[in-house]
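Hi there,

Here is the structure I promised to pass on. Have a look at it first, and then read on for what I found.

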Amino acid sequence: ASDPLVHKALLLMQQRLDSPFSIGQIAHQLKVGKRRLERRFRAAVGRSPLVAFTELRLALARHLLEHTDKSVASIASESGFCDSSHLGRTFRRRFAVTPLEFRRTACRPGIVV
């Protein structure tokens, strides 16, 4: 992101994927108001900080599903979801498949999820 505040927020999010901060906590850490951070975030990346944070956590979960043999529960914890059910619901909403379905099809060539 070209906005330095948004860039710093994204870095904080990436550092805290396993134990996510609330957007209010991120704003406090950056010494700005929550609403100001949300407006700047939308202007810079076209989405809310919460959506961007969730996307980062899902990207980590997807990577771990594809490249490790860790359990879904372990991946959920490592990517900042409270449990495997929460990861499963969020993953399905975003990718239209469950984490296990994704893992089964991830290594097949020609299948894009």
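Let me start with Thr90, which touches Thr54, Leu58 and Phe81 once residues up to four places away in sequence are left out. Please keep in mind throughout that this is a predicted model. Thr90 sits in helix α6, which covers residues 84–95. Its relative accessibility is 7%, so Thr90 counts as buried, the cut-off being under 20%.

**Where α4 meets α6**

Thr90 also belongs to the contact of two helices. On the α4 side are Thr54, Glu55, Arg57, Leu58, Ala61, Arg62 and Leu65, and they meet His86, Leu87, Thr90, Phe91, Arg94 and Phe95 of α6. Sorted by class, this contact of α4 with α6 holds six nonpolar, three polar and four charged residues. The two axes come within 11 Å and cross at roughly 100°. An angle from 65 to 115 degrees counts as roughly perpendicular, and α4 and α6 are therefore roughly perpendicular to each other.

**Helix α7**

The next helix along is α7, residues 99–106, in which Pro99, Phe102, Thr105 and Ala106 are buried. If you look down the axis of α7, its buried residues fall within an arc of 135°, so they line one face of the helix. What do they pack against? The buried residues of α7 pack against α4, α5 (72–78) and α6.

**The nonpolar cores**

As background, nonpolar side chains in soluble globular proteins tend to be buried together. The largest nonpolar core here has 16 residues. Ala9, Met13, Ile26, Leu30, Val32, Leu37 and Phe41 are those with the most contacts inside it. At least two residues of this core come from each of α1 (4–15), α2 (23–29), α3 (34–45) and α4 (49–67). The most is given by α1, with five residues.

Leaving aside neighbours within four places in sequence, Leu37 is in contact with Leu5, Ala9, Ile23, Ile26, Ala27, Leu30, Val32 and Pro49. Apart from this core lies another, of 14 residues, and Ala61, Ala76, Phe81 and Leu87 are among them.

**Arg40**

Arg40 has its place in helix α3. With residues up to four places away in sequence not counted, Arg40 touches Asp3, Leu5 and Val6. Is Arg40 buried or partly exposed? At 25% relative accessibility, Arg40 counts as partly exposed. For a sense of scale, Arg40 and Ser85 are 45 residues apart in sequence, and their C-alpha atoms are 32 Å apart in space.

Which loops hold Lys31 and Ala96? Lys31 is found in the loop between α2 and α3, and Ala96 in the loop between α6 and α7. Lys31 has a positive phi of about 60° although it is not a glycine. Ala96, also not a glycine, has a positive phi of about 65°. Over 50% relative accessibility counts as exposed. Lys31, at 74%, is therefore exposed, and Ala96, at 61%, counts as exposed too.

That is what I have for now. Happy browsing, and do write back with any questions.

Best wishes

Terms used:
Residues are numbered from 1 along each chain as its sequence is written. This is a predicted model: local features need pLDDT of at least 70, side-chain atom pairs count only at pLDDT 80 or more; totals for chains, interfaces and linings use all residues. Side-chain values use heavy atoms; hydrogens and water are left out. A nonpolar core is a set of buried Ala, Val, Leu, Ile, Met, Phe, Trp, Tyr and Cys residues joined through side-chain atoms within 4.5 Å. Buried means under 20% relative accessible area, exposed over 50%, partly exposed in between (1.4 Å probe, protein chains only). Helices (H or I, at least four residues) and strands (E, at least two) are DSSP runs, numbered from the N terminus. Contact means heavy atoms within 4.5 Å. Axes are lines fitted to C-alpha atoms, for helices over the stretch in contact, and angles run from 0 to 180 degrees between N-to-C directions. Angles under 35 degrees count as roughly parallel, over 145 as roughly antiparallel, 65 to 115 as roughly perpendicular and the rest as oblique. Ala, Val, Leu, Ile, Met, Phe, Trp, Tyr, Cys and Pro count as nonpolar, Asp, Glu, Lys and Arg as charged, and the others, Gly among them, as polar. The arc is that of the directions from the helix axis to the C-beta atoms.
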